[in-house]
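Here are some exercises to work through with the model open beside you. Try each task yourself, then follow the steps of the solution.

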Amino acid sequence: MVSRILDKYYFTLQDGKLIRYHFSWSGRLKSKMTEDNPNFWKGIKKALFDIPLSLLNFRVLEFPFFQREKIRSVLPFELESFLVDEVDNYLFDFVVLDDKVEDNYQVLVAYLPKREVEKIVDFFSSQKVILKRITASTLRLFKSSSDLENIFQPSFSYDYEKLLARELKSPQTDFSFKKKELSSSDWRERGKNIFNKFAYSLSFLLFLLSLYLYFKSQKLNQAFKREKEGFKLVYQKLFPQEKRIISPYYQLQAHLKQLKEEGELLKNIEVLSFLKDVSSSFPVKEGKITIMEGKVGEVILKGVLASTKALNRFEKNLTGKYDYQIQESKLMADGKIHFTMRINR
Amino acid sequence: MKKMKLIIFILALISLVWSWNKYLVVEKKYLKERKKWEKFKVLAKEAVKLMKKNSILKSKREKVKGVLTGIQKIISQLNLSSKLLSVKVTENTKISDYQLEVASLKMSGLSLNQFINFFYRLEFGKMPLFLKSVHVSLNQNKSFDLESEIKLVKEK
């Protein structure tokens, strides 16, 4: 997988046909195919393009120096004199030849119109392939001025694949395709691709999110329906005689109101059970209850007890059972105590 | 292609807005229902409690014409006619589905046994009679004087 990522694709034109060379990361040729192959463009995002000899124009110029940087800086002015169009509309590269003429170095300049290259770059862009570099590997063939004549002879042959592999391993030519106007189209393309990917991913995410929300709302809807059924079931259990159930919640509220009214009506004083409870707390041997007044929720007891201690005992026994209050207690001359007690029920 | 991209994005956005809105509506509805359900549970518990409490009425099914008839029936059953001082109807109203009749009763000289029997008939008898208020006093002869309000609750 890693090796595939490092693989290089080299394109060139041969007899008007586009050819693809597939090199491994180590520079070994893996495959070669023509455009009519269905897998020609498959999986390629970046590539290199090698300009064939036939597209290049040549000119031999002489310079008193051989440093590439120096030559590159003065070359446009030298070219200007014999180019038809403006020099900016051309791309060029050069090779310093071995020959010297009167202490001047001979330089082979290869050039071609920029629009030719732009056409190539645009074509690759339309195939969604970014051209990383554009080379002319055949320039490696030129060593001396005599080569110029030999190379264009029909009998001349050379191993083109080897040249490409060498160019790939140690690049020597570069048609200034890293120039702003061309590289920027690369970046533009790359930016466009990234934006496209981002836009598609965002749309996909939005769809996913909306799907998630849709299913979540469906689930909630089901839970809501179950809850509603729950109301009905509970209501039916409470009031099985009722046939028409429209809104269990409001119907229950109405029933509750009725039940409360019923409860109010049926409130009762349970005299016997109250007296039974109180008598278990009252010290019977030490006194008596003489009056009992009762209404719903409240009973008033009046009585006599032998001593304050007995009253305290009675109170203690009532604690925790009833909410009570001694309203009045009066110590008589004979030591007995008369009391009035209110008990809330 | 550009248009297509834009259409896809807009569609995705519309679907998101639509589903988000749908989700919010359903969630709101569901939360409202949940709250209602919690209240409903409390109300249902209260209703069960009240129904249990009120079931006493259902157990008191003996038909009685009026409150006086009911009281007199108990008094005659217990042979307490001699102890009766007065009995009269003080209230006769209709409350929702019920007819309410209240009578005030005065008796004196009841023995402990008669006192207990009387209240036992009232509390555990089959007639829908209930004690509204009571005043019992122990007199000098160690017998009980009784003043009370007794109500009769009848379903209409």
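Let's start with a pair to find on screen: Arg133(A) and Glu167(A) are both buried, where buried means under 20% relative accessible area, exposed means over 50%, and partly exposed is in between (1.4 Å probe, protein chains only). A word on the ground rules: this is a predicted model, where local features need pLDDT of at least 70, side-chain atom pairs count only at pLDDT 80 or more, and totals for chains, interfaces and linings use all residues. Residues are numbered from 1 along each chain as its sequence is written, chains are lettered from A and ligands numbered from 1 in the order in which they are written, and side-chain values use heavy atoms, with hydrogens and water left out.

**Exercise 1. Work out what links Arg133(A) and Glu167(A).**

Step 1. Check the side chains: they meet in a salt bridge, at 3.7 Å from N to O. The term stands for a side-chain nitrogen of Lys or Arg within 4 Å of a carboxyl oxygen of Asp or Glu.

Step 2. Arg133(A) sits in strand S8 of chain A and Glu167(A) in helix H5 (residues 160-169) of chain A, so the bridge ties together parts that are 34 residues apart in sequence. Helices (H or I, at least four residues) and strands (E, at least two) are DSSP runs, numbered from the N terminus.

**Exercise 2. Trace the salt bridges around Arg34(B).**

Step 1. Go to Glu227(A), which forms a salt bridge with Arg34(B); their closest N and O atoms are 3.0 Å apart. This pair joins two chains, because Glu227(A) lies in helix H6 of chain A and Arg34(B) in helix H1 (residues 2-59) of chain B.

Step 2. Compare the cover. Glu227(A) has a relative accessible area of 11%, so it counts as buried. Arg34(B), at 28%, counts as partly exposed.

Step 3. Now stay in chain B: Arg34(B) also meets Glu38(B) in a salt bridge of 3.4 Å, N to O. The two are 4 residues apart in helix H1 of chain B, which means about one helical turn separates them. Glu38(B) is partly exposed, with 38% relative accessible area.

**Exercise 3. Is Val129(A) buried or exposed, and which residues does Val129(A) contact?**

Step 1. Find Val129(A) in the loop between helix H3 (114-126) and strand S8 (130-135) of chain A.

Step 2. Look at the accessibility: it is 1%, so Val129(A) counts as buried.

Step 3. List the contacts (heavy atoms within 4.5 Å). Leaving aside neighbours within four places in sequence, Val129(A) touches Trp41(A), Ile44(A), Lys45(A), Lys46(A), Ala47(A) and Phe124(A).

Step 4. Pick out Lys45(A). Val129(A) and Lys45(A) are 84 residues apart in sequence, but 4.6 Å apart in space from C-alpha to C-alpha. Lys45(A) lies in the loop between strand S3 (29-34) and strand S4 (46-50) of chain A, and with 56% relative accessibility it counts as exposed.

**Exercise 4. Find two lysines with a positive phi, one in chain A and one in chain B.**

Step 1. In chain A, stop at Lys128(A), in the loop between H3 and S8. Its phi is about 65°, although Lys128(A) is not a glycine. Lys128(A) is exposed, at 57% relative accessible area.

Step 2. In chain B, go to Lys142(B), in the loop between S3 and strand S4 (144-155). Here phi is about 60°, again in a residue that is not a glycine. Lys142(B) is exposed too, at 67%.

**Exercise 5. Describe how the two chains are built.**

Step 1. Take chain A: it has 9 helices and 12 strands, and 41% of its 345 residues count as buried.

Step 2. Take chain B: it has 3 helices and 4 strands, following the pattern α-α-β-β-α-β-β along the sequence. Buried residues make up 38% of its 156 residues.

Step 3. Check the contacts between residues at least 6 apart in sequence. In chain A, 58% of them join residues at least 24 apart; in chain B, 60% do.
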